[in-house]
Amino acid sequence: MSDREGHSGGAGPSDEDLSLPKATVAKMISDLLPSEVTCAKDTRDLVIECCVEFIHLISSEANEICEQESKKTIAPEHIIGALKRLGFDSFTTEVEDVLKDHKQQQKDREKKADKIKDSGLTPEELQAKQEELFAASRAKFAQPQQSQQPPP
């Protein structure tokens, strides 16, 4: 279904429900601006509204591409195609780089999971090892707190 068809019966969230975390956006803005420049709250809110609208535009176009290909899941290629269709060709190289990095991170996570699987330890042994590590961590953090408490 394209965004032009709409949602009946309140099936999806309303536009008021769609937003981005204000603190995250504020941090991103402050990281990008010089330290002597501040951003007003209403400006931050406007940036959030623009970002939400941009996401909506791209996802709607990607959904149309997806429908044309008789697919039911929007894939990264559909997003890249939507960017191109909407005239954001200059974004595609960076998006493709981010996608490549994301795929590499996923592979690294899988390798880490395989490392645990290939450790030769049973699930019970792995859990016992984990409990030992937690106990050691609790003991480490409990010591400074005990020394800070006044004597009885």
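**Entry 1: aspartate 31**

I looked up aspartate 31 and recorded it as exposed, with a relative accessible area of 53%. By the cut-offs I used, buried means under 20% relative accessible area, exposed over 50%, and partly exposed in between (1.4 Å probe, protein chains only). The model is predicted, so local features need pLDDT of at least 70 and side-chain atom pairs count only at pLDDT 80 or more, while totals for chains, interfaces and linings use all residues. Residues are numbered from 1 along each chain as its sequence is written, and side-chain values use heavy atoms, with hydrogens and water left out.

I then found that the side chain of aspartate 31 meets that of lysine 27 in a salt bridge (3.1 Å, N to O). The term requires a side-chain nitrogen of Lys or Arg within 4 Å of a carboxyl oxygen of Asp or Glu. Aspartate 31 and lysine 27 are separated by about one helical turn because they lie four residues apart in helix α1 (residues 22–32).

**Entry 2: the other salt bridges**

I noted that a search of the whole structure finds three salt bridges. Side chains of opposite charge can pair when their charged atoms come close. Aspartate 45 and arginine 44 form one of them (3.0 Å, N to O). Aspartate 45 is partly exposed at 26% relative accessibility, and arginine 44 is buried, with a relative accessible area of 16%.

I also recorded a salt bridge between glutamate 61 and arginine 85, whose closest N and O atoms are 2.9 Å apart. This pair links distant parts of the chain, with glutamate 61 in helix α2 and arginine 85 in helix α3, 24 residues apart. Glutamate 61 is buried, with a relative accessible area of 13%, and arginine 85 is partly exposed at 43% relative accessibility.

**Entry 3: helices and core**

I counted five helices and zero strands in the protein chain. Helices (H or I, at least four residues) and strands (E, at least two) are DSSP runs, numbered from the N terminus. Of the 152 residues of the protein chain, 13% count as buried.

Which residues make up the largest nonpolar core? I listed five: Ile58, Ala62, Ile65, Ala82 and Leu83. Helices α2 (41–68) and α3 (76–85) each supply at least two residues of this core, and α2 gives the most, with three residues. Such a core is a set of buried Ala, Val, Leu, Ile, Met, Phe, Trp, Tyr and Cys residues joined through side-chain atoms within 4.5 Å.
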